[in-house]
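This report sets out selected geometric features of a protein model for computational use. The structure is shown first, and the description comes after.

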Amino acid sequence: MYIVLIYFLILSIVFFLLYKIRFVYNLIPKLCMTKYGLIFHSNKRHRIRVGEVKLLILNNTVYLKRNNRTVVIKNIDRVFLKSGYLYFRALGEVKIIFNCKSFYKYFNILIKSDEFDFNEIKNSALYDMVDYLFSLNECKSLISFLNIVHRILNISINDKNVIVKKNKYNISFSLIYKVNNQLKKININETF
């Protein structure tokens with residue numbers, strides 16, 4: 001009788017631990033922006049907030065659809081949804097593909113300034129995009145990042161060139177960007 005109770009007690013503890021381990025995840029490592037979406041490198045378990053979505057899994061690719069918007073996540077396995085989160089294990093280079101053509105160029109410039117840390121603002125916007133994949137217009141860090149670049153620093157980027165005008169806040173910075181496989185550097189030195 002005691003042996004059966006001990007057996008069921010140990011079995012229930014094992015099932016409880018396996019259930020808890022299933023939901024253990026790591027933070028997403030450094031993100032990079034491309035014209036198709038986001039890329040990161042990992043071999044660990046991660047999770048992304050997706051809300052209520054339709055899910056299709058083909059090989060190591062996941063298609064998520066909500067409100068006529070589709071997000072594709074490539075090179076992942078062991079995928080499941082739980083409480084609005086997508087849990088998965090990364091298999092090296094993971095690509096999160098979504099529509100970002102209107103603003104990806106702003107993430108491919110490098111701005112250095114003594115007055116603020118531009119990389120911190122950029123990284124905050126990238127991680128915020130992961131949380132708001134289906135509603136980027138609600139992504140506050142992305143909106144503030146684009147406002148800093150476009151309105152405060154007065155930088156415009158179109159298909160052919162980068163236009164930098166004098167900013168009204170007298171902020172000094174260096175802008176580094178790539179054109180035709182050549183690095184270009186612009187120094188803006190504002191004085192009162």
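The text below treats the surface patch, the helix pair, the salt bridge, selected residues and backbone angles.

The model is predicted, so local features need pLDDT of at least 70 and side-chain atom pairs count only at pLDDT 80 or more, while totals for chains, interfaces and linings use all residues. Residues are numbered from 1 along each chain as its sequence is written, and side-chain values use heavy atoms, with hydrogens and water left out.

Helices and strands are DSSP runs, with helices being H or I of at least four residues and strands being E of at least two, numbered from the N terminus. Helix H1 covers residues 2–22 and contains Ile6; Ile21 also belongs to helix H1. Met1, Tyr2, Val4, Leu5, Ile6, Tyr7, Phe8, Ile10, Leu11, Val14, Phe15 and Leu18 make a nonpolar surface patch of about 1,300 Å². Patches are made of residues with over 30% relative accessible area and no salt bridge; like charges are joined within 9 Å, and nonpolar side chains (Val, Leu, Ile, Met, Phe, Trp, Tyr) within 5 Å. Accessible areas come from the Shrake-Rupley method with a 1.4 Å probe, and for residues only the protein chains shown count as cover.

**Accessibility of selected residues**

A residue is buried under 20% relative accessible area, exposed over 50%, and partly exposed in between (1.4 Å probe, protein chains only).

| Residue | Relative accessible area | Class |
|---|---|---|
| Ile6 | 48% | partly exposed |
| Ile21 | 56% | exposed |
| Asn59 | 77% | exposed |
| Arg78 | 54% | exposed |
| Leu86 | 0% | buried |
| Arg89 | 24% | partly exposed |
| Ser156 | 25% | partly exposed |

The structure holds one salt bridge, a term for a side-chain nitrogen of Lys or Arg within 4 Å of a carboxyl oxygen of Asp or Glu. Asp77 and Arg89 form a salt bridge in which the closest N and O atoms are 3.1 Å apart. Asp77 lies in strand S6 (residues 69–82) and Arg89 in strand S7 (residues 85–97), so the pair ties together parts that are twelve residues apart in sequence.

Leu86 also lies in strand S7. Beyond its neighbours within four places in sequence, Leu86 is in contact (heavy atoms within 4.5 Å) with His46, Arg47, Ile48, Val50, Leu55, Leu64, Ile73, Val79, Phe80 and Leu81. Leu86 and Ile48 are 38 residues apart in sequence, and their C-alpha atoms are 5.2 Å apart in space.

**Positive phi angles**

Most residues other than glycine have a negative phi, and most peptide bonds are trans. Asn59 has a positive phi near 50° and is placed in the loop between strand S4 (54–58) and strand S5 (61–66). Arg78, in strand S6, has a positive phi near 50°.

Two packed helices are described by the angle between their axes and the distance between the axes. The axes of helix H2 (residues 118–131) and helix H3 (residues 140–152) come within 7 Å and cross at roughly 145°. These axes are lines fitted to C-alpha atoms, for helices over the stretch in contact, and angles run from 0 to 180 degrees between N-to-C directions. The crossing of H2 and H3 is left-handed, a label used if the near helix is turned anticlockwise from the far one by less than a right angle, with right-handed used if clockwise. Phe118, Ile121, Lys122, Ser124, Ala125, Asp128 and Met129 in H2 meet residues of H3, namely Lys140, Ser141, Leu142, Phe145, Ile148 and Val149.

Ser156 lies in strand S9 (residues 155–157). Not counting residues up to four places away in sequence, Ser156 touches Tyr106, His150, Asn161, Val162 and Ile163. Ser156 and Lys105 are 51 residues apart in sequence, and the C-alpha to C-alpha distance is 9.9 Å.
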